[in-house]
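Please look over the sequence and the structure shown below, and keep both at hand while reading the report that follows.

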Amino acid sequence: MVTDTDGYIQIIEYLTEHLSLFENSTAPAQASETVMSAIEVELCDQIISVCSQNQDLTFNQRNAIIREVDAIVYDLEEILSGVINNPVNAAQQAFIKEFAGLIKNLFDTVIHKD
């Protein structure tokens with residue numbers, strides 16, 4: 001659906017161009033959310049939005065979206081493996097929010113192209 005598109009490759013390249021945000025970063029001492037949990041929350045919010053904005057999606061299409069999100073999370077775990085359990089800071093949180101929005105836009109594009 002989306003992980004096999006040029007758009008997804010471009011989004012992953014965008015992430016790799018911004019890896020410096022995650023390397024050798026510091027987070028506030030009281031930070032309790034990890035990079036992974038921030039990714040999960042933002043992606044969930046965006047995918048819920050995709051599904052609620054596209055009520056005509058079939059059960060199978062929704063399942064395909066969930067499988068795609070699982071693949072995306074796996075890719076992110078691989079790319080960010082060294083920092084995935086680190087506390088998230090504000091700059092990382094902002095980037096993750098933007099990244100999740102790009103993923104949502106990609107789903108929207110694929111859904112409306114069909």
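## A buried glutamate and its partner

E42 is buried, with a relative accessible area of 8%, where buried means under 20% relative accessible area, exposed means over 50%, and partly exposed covers what lies in between, for a 1.4 Å probe and protein chains only. The model is predicted, so local features need pLDDT of at least 70 and side-chain atom pairs count only at pLDDT 80 or more, while totals for chains, interfaces and linings use all residues. Residues are numbered from 1 along each chain as its sequence is written, and side-chain values use heavy atoms, with hydrogens and water left out.

Side chains of opposite charge can pair when their charged atoms come close. The side chains of E42 and K97 meet in a salt bridge at 3.8 Å, N to O, a salt bridge being a side-chain nitrogen of Lys or Arg within 4 Å of a carboxyl oxygen of Asp or Glu. Because E42 lies in helix 2 and K97 in helix 4, the pair ties together parts that are 55 residues apart in sequence; helices here are DSSP runs of H or I with at least four residues, numbered from the N terminus. K97, at 49% relative accessibility, counts as partly exposed.

N54 is found in the loop between helix 2 and helix 3, and N54 is buried, with a relative accessible area of 4%.

## The nonpolar core

The largest nonpolar core has 34 residues, and those with the most contacts inside it are I65 and F107. Such a core is a set of buried Ala, Val, Leu, Ile, Met, Phe, Trp, Tyr and Cys residues joined through side-chain atoms within 4.5 Å. Helix 1 (6-17), helix 2 (35-53), helix 3 (59-79) and helix 4 (90-113) each supply at least two residues of this core, and helix 4 gives the most, with 9 residues.

I65 lies in helix 3 and, at 0% relative accessibility, counts as buried. Which residues does I65 contact, leaving aside its neighbours within four places in sequence? They are M1, I47, V50, C51, L57, F107 and I111. I65 and V2 are 63 residues apart in sequence, and 8.7 Å apart in space, C-alpha to C-alpha.

## An enclosed space

Rolling a probe the size of a water molecule over the atoms shows where empty space is left. A search of the whole structure finds 1 cavity of 30 Å³ or more, and the largest cavity has a volume of about 50 Å³. On a 1 Å grid over the protein atoms alone, a cavity is a set of points where a 1.4 Å probe fits but cannot get out, and lining residues have an atom within 4 Å of a point. Grid points are joined across faces, edges and corners, and the volume is the space filled by probe spheres set on the points.

The lining of the largest cavity consists of L15, F22, I39, L43, L76, L80, F95, I96, F99 and A100. The largest share of this lining, 4 residues, comes from helix 4. By class, the lining has 10 nonpolar, no polar and no charged residues, where Ala, Val, Leu, Ile, Met, Phe, Trp, Tyr, Cys and Pro count as nonpolar, Asp, Glu, Lys and Arg as charged, and the others, Gly among them, as polar.

Methods: Contact means heavy atoms within 4.5 Å. On a 1 Å grid over the protein atoms alone, a cavity is a set of points where a 1.4 Å probe fits but cannot get out, and a pocket is an open set with protein on both sides within 12 Å along at least five of seven lines; lining residues have an atom within 4 Å of a point.
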